[in-house]
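Look at the sequence and the model first.

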Amino acid sequence: MKPNSNNKKVITLYLKQLKTTLMCSASMKKVILSDVKHQISELEDQLQVLEEKDLHREIGSPDEIARGFES
């Protein structure tokens, strides 16, 4: 199913926040972002309209994800 424009905005903002929060090498960021994009894609298949709270609930906030990779 084709994502709606609201989903694209929510996803773009979420990924931008995550990218700036991650404190690791560029290659590691690329791997993490790829994994998160895959998770978002699966979530988008389940929910046709995504909200930021859905991403935070199902995947975690950008801060939570970054802390998880730092430890």
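H1 and H2 pack at an angle of about 155 degrees, and their axes are 11 Å apart. Axes are lines fitted to C-alpha atoms, for helices over the stretch in contact, and angles run from 0 to 180 degrees between N-to-C directions. Helices here are DSSP runs (H or I, at least four residues), numbered from the N terminus. This is a predicted model: local features need pLDDT of at least 70, side-chain atom pairs count only at pLDDT 80 or more, and totals for chains, interfaces and linings use all residues. Residues are numbered from 1 along each chain as its sequence is written, and side-chain values use heavy atoms, with hydrogens and water left out.

**H1 against H2**
- H1 and H2 are therefore roughly antiparallel, a term for angles over 145 degrees.
- The crossing of H1 past H2 is right-handed, which means that the near helix is turned clockwise from the far one by less than a right angle.
- H1 contributes Asn-7, Ile-11, Tyr-14, Leu-15, Leu-18 and Lys-19. They meet Lys-29, Leu-33, Val-36, Lys-37, Ile-40 and Glu-44 of H2, where contact means heavy atoms within 4.5 Å.
- By class, the residues of this contact are 7 nonpolar, 1 polar and 4 charged. Ala, Val, Leu, Ile, Met, Phe, Trp, Tyr, Cys and Pro count as nonpolar, Asp, Glu, Lys and Arg as charged, and the others, Gly among them, as polar.

**H1 against H4**
- H1 and H4 pack at about 35 degrees, with axes 9 Å apart.
- H1 also passes H4 in a right-handed crossing.
- Tyr-14, Gln-17, Leu-18 and Thr-21 of H1 make the contact with Pro-62, Asp-63, Ile-65 and Ala-66 of H4.
- This contact has 5 nonpolar, 2 polar and 1 charged residues.

**Nonpolar core**
- The largest nonpolar core has 16 residues. Such a core is a set of buried Ala, Val, Leu, Ile, Met, Phe, Trp, Tyr and Cys residues joined through side-chain atoms within 4.5 Å.
- Tyr-14, Leu-15, Val-36, Ile-40, Leu-55, Ile-59 and Ile-65 have the most contacts inside it.
- Helices H1 (5-21), H2 (26-46) and H4 (62-70) each give two or more residues to this core.
- Ile-40 touches Ile-11, Tyr-14, Leu-15, Leu-50, Leu-55 and Ile-59, not counting residues up to four places away in sequence.

**Partly exposed positions**
- Asp-63 lies in H4. Its relative accessibility is 43%, so Asp-63 counts as partly exposed. Buried means under 20% relative accessible area, exposed over 50%, partly exposed in between (1.4 Å probe, protein chains only).
- Ser-41, in H2, is partly exposed at 37%.
- Asp-63 and Ser-41 are 22 residues apart in sequence and 20 Å apart in space, C-alpha to C-alpha.
- Ser-41 and Ile-11 are 30 residues apart in sequence and 9.8 Å apart in space, C-alpha to C-alpha.

Conventions:
Parallel < 35°, antiparallel > 145°, perpendicular 65-115°, else oblique.
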